[in-house]
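Please look over the sequence and the model before reading on.

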Amino acid sequence: MRFTLFALLGTMLVVVPIHAHHGYSAFERENTVTIEGSIEEIKYMNPHSILILKTADAQTYTVEWLSLQQLRRAGISYDTLRIGDHVVLSGAPARDPAVPKMSIVRNLKRTSDGWNWPAPAPLHK
């Protein structure tokens, strides 16, 4: 009986996917800030892709963006954004103002050609 119970529990651990994700308590979700700068580095990974952004005043921001699957669904590929692209981002700032970090990105715009994420909704007539 014990063996059956342990075997069943062990099987459940293997079969049931575990989804771990951090919360957003380190960010002011109710506030939005906008930063502008050039992309220094892009890390495409899960659970979040990371953009490293350098502003005109030489401040370096770490920006948590979407997961790989969310990027694919949004039509964003590995070459959509490139190192050196000048962008304007809006999102939730870190609660600690000394931490140059952003998450919950609400808008990202490349200034060179006006590419925008999320894409504006089409106008309905």
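## Glu64 and its salt bridge

Glu64 counts as buried because its relative accessibility is 9%; buried means under 20% relative accessible area, exposed over 50%, and partly exposed in between, with a 1.4 Å probe and protein chains only. The side chain of Glu64 meets that of Lys101 in a salt bridge, 3.6 Å from N to O. A salt bridge is defined here as a side-chain nitrogen of Lys or Arg within 4 Å of a carboxyl oxygen of Asp or Glu. Glu64 belongs to strand E3 and Lys101 to strand E5, so this pair ties together parts that are 37 residues apart in sequence. Lys101 is partly exposed, with a relative accessible area of 29%.

## Basis of the model

This is a predicted model, in which local features need pLDDT of at least 70 and side-chain atom pairs count only at pLDDT 80 or more, while totals for chains, interfaces and linings use all residues. Residues are numbered from 1 along each chain as its sequence is written, and side-chain values use heavy atoms, with hydrogens and water left out.

## Overall architecture

The protein has 2 helices and 6 strands, and from the N terminus on the order of elements is α-β-β-β-α-β-β-β. Helices (H or I, at least four residues) and strands (E, at least two) are DSSP runs, numbered from the N terminus.

Of the 125 residues in the protein, 29% are buried. Among contacts with a separation of 6 or more, 52% are between residues 24 or more positions apart, where contact means heavy atoms within 4.5 Å.

E1 and E2 run antiparallel and are joined by 6 bridges; two strands pair if DSSP finds at least two bridges between them. They form a hairpin with 6 residues between them. Gly37 has Thr55 in E2 as its bridge partner.

E2 is also joined to E3, by 5 bridges, and these two strands run antiparallel. Here Ile52 stands opposite Thr62 in E3. The hairpin of E2 and E3 has 4 residues between the strands, and Ala58 in the turn has a positive phi of about 70°. Because 5 of its 6 residues are buried, E2 is largely enclosed by the rest of the structure.

## The loop between E1 and E2

Ser49 lies in the loop between strand E1 (33-43) and strand E2 (50-55). Ser49 counts as buried, because its relative accessibility is 1%. Leaving aside residues up to four places away in sequence, Ser49 touches Lys43, Tyr44, Val63, Glu64, Trp65, Leu66, Leu68 and Leu71.

## Aromatic pairs

Rings of Phe, Tyr and Trp (its six-membered ring) pair if their centres lie within 6.5 Å; planes under 30 degrees apart count as stacked, over 60 as edge-to-face and the rest as tilted. By this rule there are 2 aromatic pairs. Tyr44 and Tyr78 form an edge-to-face pair, at 4.7 Å centre to centre and 80° between the planes. This pair links distant parts of the chain, 34 residues apart: Tyr44 is in the loop between E1 and E2, and Tyr78 is in the loop between helix H2 (68-73) and strand E4 (86-93). Tyr44 is partly exposed, at a relative accessible area of 22%, whereas Tyr78 is exposed, at 58%.

Trp65 and Trp117 also form an edge-to-face pair, at 5.4 Å centre to centre and 90° between the planes. This pair too links distant parts of the chain, 52 residues apart, with Trp65 in the loop between strand E3 (60-64) and H2, and Trp117 in strand E6 (residues 116-117). Both Trp65 and Trp117 are buried.

## Other salt bridges

The structure holds 6 salt bridges. One of them joins Arg95 to Glu30, with the closest N and O atoms 3.9 Å apart. Arg95 is in the loop between E4 and strand E5 (101-110) and Glu30 in the loop between helix H1 (2-15) and E1, so the pair ties together parts that are 65 residues apart in sequence. Arg95 counts as partly exposed at 42% relative accessibility, and Glu30 as exposed at 57%.

The side chains of Lys43 and Glu41 meet in a salt bridge of 4.0 Å, N to O. Lys43 is partly exposed, with a relative accessible area of 34%, and Glu41 is partly exposed, with 36%. Asp85, Arg110 and Asp113 are linked in a network of salt bridges.
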